[in-house]
Every structure is written in structure tokens, then in C-alpha cells.
Amino acid sequence: MIVHRLPNPFNPGSPVDPTDFVGRVSELENFKQKLMQTANGSLASMAVAGGYGVGKTSFLHKCKAIAEEHNALAIYCSLNEIDELSKERLATFLIRRVKEKVREEKILERLSNEIFKVIQRIRIKTEKVEISLVEGEEEAFPNLQSALTAAWKALKGTKNAIVFLIDEARVLERNRAELLLYLRAVLEQLQIERIPVMIIPAGKLTITGPAGTGFSPLVRTFPPAVIENFTEEEAASFITKKLKQVGIGVKESIFEKVYNVTEGHPFVLTAYMNSAYSRLQSGQKKLENLHFEAADVDFVRVDLAPFFARFYDQAGRISRQVLSAMADMPKGEISLSELAKKLGLEMNELSPHLGKLVQDGSIIRIDRGKYKLFHHLLGEYIKNKQKKNRE
Ligand SMILES: Nc1ncnc2c1ncn2[C@@H]1O[C@H](COP(=O)(O)OP(=O)(O)OP(=O)(O)O)[C@@H](O)[C@H]1O
Ligand SMILES: [Mg+2]
């Protein structure tokens, strides 16, 4: 088989390579500033909040790359595989990740064997002792802050900060943000001795979310960078950058169409471009209207189905009714009173469902008692589903 063109540069399923990252300029600036502050002994952390597919993981990867450029030990990890997270487990997990990272750095010869050996000995006391390889050589610390302090003592002189980028961190908010409060306390302890550690939880976080959870002391330790859809310019630069790498051009007039369809939602945009790109015939050097028209046919029903299913198919019965009612409205907008009338339910019956839908990111509260589907294509997806059910 002859391969006629370079592989599709649009991969909706994976975070973007930091070198291809576009936009989020002020958020990145903010991160850099906090990193500098931390390195100077005045600890500053932050959080990264945003809906599904909006670019949280990509943002963390970018921050990691920046932190490494600035000579920090940057650790990316995700909490999604850990169940029953407790303080002890979290502490152990983070220390293990430090060890793994240091091990990688040693293999790459960016850290010395001496540092490696010191760090590998660190253990938190509560950690169940597994079969220790080097008997008696472990050093057990009572808590996370003392273990991190020990790690830092080995690293300083070589590194200028330890940065944790914690993805899928919503679990930290359970039980009234118990684990976030714990991390805050750890950071406060580290501040006393100016141990430069930065912790960045990211996810569909709510404490920091927009719906005005009021004054939360956590916001001061973890002020959120809220990641949103791309602007039209960011979307255009995203498209241009990716296509340039594979030597494919694009008609200027396409940008507006793509933006209107995708609303600049990073995942939706990437999926749309992926689909249009896959319609290129061999020898074609430019993406044109026809490629996008071909993409349009199946885009919502096929390409976006796995993404949208979580919002609709997996929702409860009443939530699905709410979403369906919204899908029928122009722009997917509805007021609480209209909704109640349409569904024949009391407003106070609906409220908890709306609250949950907002939390899940399926709808957005645009004003007092006014709601909107988070993406207009979700409305289309729902209407498709209903049509199919009727058939
Ligand atoms: N700043 C960016 N520049 C270029 N592409 C981006 C950017 N942010 C996100 N993307 C693209 O958008 C898609 C979704 O990004 P990502 O996986 O980072 O989002 P997420 O918020 O972590 O998603 P999820 O909620 O599923 O964890 C990916 O295909 C990614 O490549
Ligand atoms: Mg992610």
C-alpha cells in the first residue's frame, strides 16, 4: 500500500504535544510567575479547572515542559486509577512518583547516582513495608512534608523546585475537600522552611468553579486557572500550526465555519479537524469546503458519540428529560420556569437535577434560573438519539 500523506495530525484522544500547544497565554504566564515565586522560597500553587475535553491535561503537560525548562523536578500524575484515596495513600503515592521521576532522571543522566540513592531510601512510615530490597537502608518519615523535605535536601543545588501536576484530581474534593485541605496544610508546613514545592491539581474541580461556592479558603492556596474554549484566533492558529507540519494548506474562509461548528471547544475542534483531514484524497494539498461537508455528515452521530454519551446516555431519567427539553430550544437555552412547565414538574423538583447537570458539565448556568447546553452539538446529538428511538 502506498501512503499518500502524512499521518493525521489531529488526535482528539490524546493531549497535545507541548511544542504544538496554542493559547492559554495568561494562564501560562500565571503558572510561570508562581513557579518563580516558589523557587524563591515563597510557595505558590494553583489549580486547573475546566470541563471535559477543554484541555486540562494538555495544559498540565505544557506546564511540566515549562517547569523542566526552568530546571524544576516536574512530576505529572493522575489520580484516576486510585480508588479509596486517603491522606496516607496520597502521601505515599506522591513520594513514589518522586522516586520514579528521579529514577527516570538518573537514567537520562540528568541526576547523579548519589541523589538517586538518597531519594530511593525515602519512605513514609505509614506505608506498608513491602519486601525491601536493601534491608535497613530505608529512611522512614512520619509524614509527607518531612519526606518531601528530605527529598528536597538531596535535590537542591541541582533542581530549583519540585512541581506536582496532579490530573483527574476531583477525588481530592470529596468529603468537603478533605484531601485538598490536607495538601494545603502540607504546603503551609513546607513554607516554614521554604521548601520549594508546588502542587497543581487539575480536573473538573468545583470548589474553584464558577457557580460561586462563595469564599473558600482553598481558593487562596489553589487559585484556579479556568480553562475554556479557544477563541476564534486560537482555533485558527491551532489549525494552521498542525496543518503546516504536514504541508497541507487551508482556505482562509474555513476558519469561521470550523469555529461556528465547534465553538472552539478543543476536543470537538480536534475531532472535527481529524474527520475533515481524513477526507483528503491522495495528491490533495489543501483542505476545502468539500472535506468539511463530508465530515459534517457523520460528525455528531459517529465522531462525537463517544464523547457526548457521558452527558446524555449515562444521565438519569429526569436529567435526560431536561437535556431533551433543552435540545429542542433555540441555542439549547431555557429558563427554569419554562422547563418546569414543559416537563410538568415543580421547579424545586428540578433544581437538584440542574445542579448536578451543571456540575457534570453538560449544561451551563448563564444567568439566574437560565440554563444552556454546554455545546450546541450536544443538542443535535440528543435530537438524533430521539429520532432513532422513535424509529
Ligand atoms: N492548548 C492546546 N493546544 C492545542 N491542542 C489542544 C490544546 N488543549 C487541548 N488540545 C487538544 O484538545 C483535545 C482535548 O485536550 P485534553 O485531553 O488536554 O483535555 P482534558 O480537559 O484533559 O480532557 P478530559 O476532560 O477528557 O480529561 C486533545 O486532542 C488536545 O490535543
Ligand atoms: Mg484530561
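On one side of helix 1, Val25, Ser26, Glu29 and Gln33 are exposed. The helix itself, in what is a predicted model, covers residues 25-39. Its 15 residues reach 21 Å from the first C-alpha to the last, close to the 21 Å expected at 1.5 Å a residue. The other part of the story is the buried set, made up of Phe31, Lys34, Leu35, Thr38 and Ala39. These residues cover an arc of only 135° around the axis, so they sit on the same side of helix 1. Their cover includes helix 2 (56-69), strand 5 (162-167) and strand 6 (197-203). After helix 1 comes glycine 41, with a positive phi near 95°.

Helix 2, one of the elements covering helix 1, can be looked at in the same way. Its 14 residues should span 20 Å at 1.5 Å a residue, and since its end C-alpha atoms are 20 Å apart, the two figures agree. Buried here are Lys56, Thr57, Ser58, Phe59, Leu60, His61, Lys62, Cys63 and Ala67. As for what lies over them, the list includes helix 1, strand 1 (47-49), strand 2 (73-78), strand 5 and strand 6. Just past the end of helix 2, asparagine 71 takes a positive phi of about 65°.

Helix 5 (residues 144-155) is the next element to consider. With 12 residues at 1.5 Å each, helix 5 should span 16 Å, and its end C-alpha atoms do lie 16 Å apart. Its buried residues are Leu144, Gln145, Ala147, Leu148, Ala151, Trp152, Ala154 and Leu155. A glycine follows this helix as well: glycine 157, whose phi is positive, near 95°.

Ala151 is among the buried residues of helix 5. Isoleucine 162, setting aside neighbours within four places in sequence, is in contact with Ala72, Leu73, Leu148, Ala151, Trp152, Leu155, Pro196 and Val197. Four of these partners, Leu148, Ala151, Trp152 and Leu155, are buried residues of helix 5.

Zooming out, the protein contains 16 helices and 12 strands. Its C-alpha trace spans about 70 × 60 × 40 Å along the principal axes. Of its 391 residues, 39% count as buried. Among contacts between residues at least 6 apart in sequence, 71% join residues at least 24 apart.

Glutamate 168 lies in the loop between strand 5 and helix 6 (174-192) and has a positive phi of about 50°, although it is not a glycine. Because 18 other C-beta atoms lie within 10 Å, glutamate 168 is classed as partly exposed. Glutamate 263 also has a positive phi without being a glycine, in this case about 60°. The place of glutamate 263 is the loop between helix 9 (254-262) and helix 10 (266-277). Glutamate 263 has 16 other C-beta atoms within 10 Å, so this residue is partly exposed.

Finally, arginine 310 is found in the loop between helix 12 (305-308) and helix 13 (317-327). Arginine 310 counts as partly exposed because it has 13 C-beta neighbours inside 10 Å. In sequence, arginine 310 and tyrosine 52 are 258 residues apart, yet in space their C-alpha atoms are 9.9 Å apart.

Methods: Residues numbered from 1 in each chain as written. Chains lettered and ligands numbered in written order. Predicted model: local features only at pLDDT ≥ 70, side-chain atom pairs only at ≥ 80, totals over all residues. Helix = DSSP H or I, 4+ residues; strand = E, 2+ residues; numbered from the N terminus. Expected span 1.5 Å × (residues − 1). Buried ≥ 20, exposed ≤ 12 C-beta atoms within 10 Å, placed from the backbone. Arc of directions from axis to C-beta. Contact = placed C-beta atoms within 7 Å.
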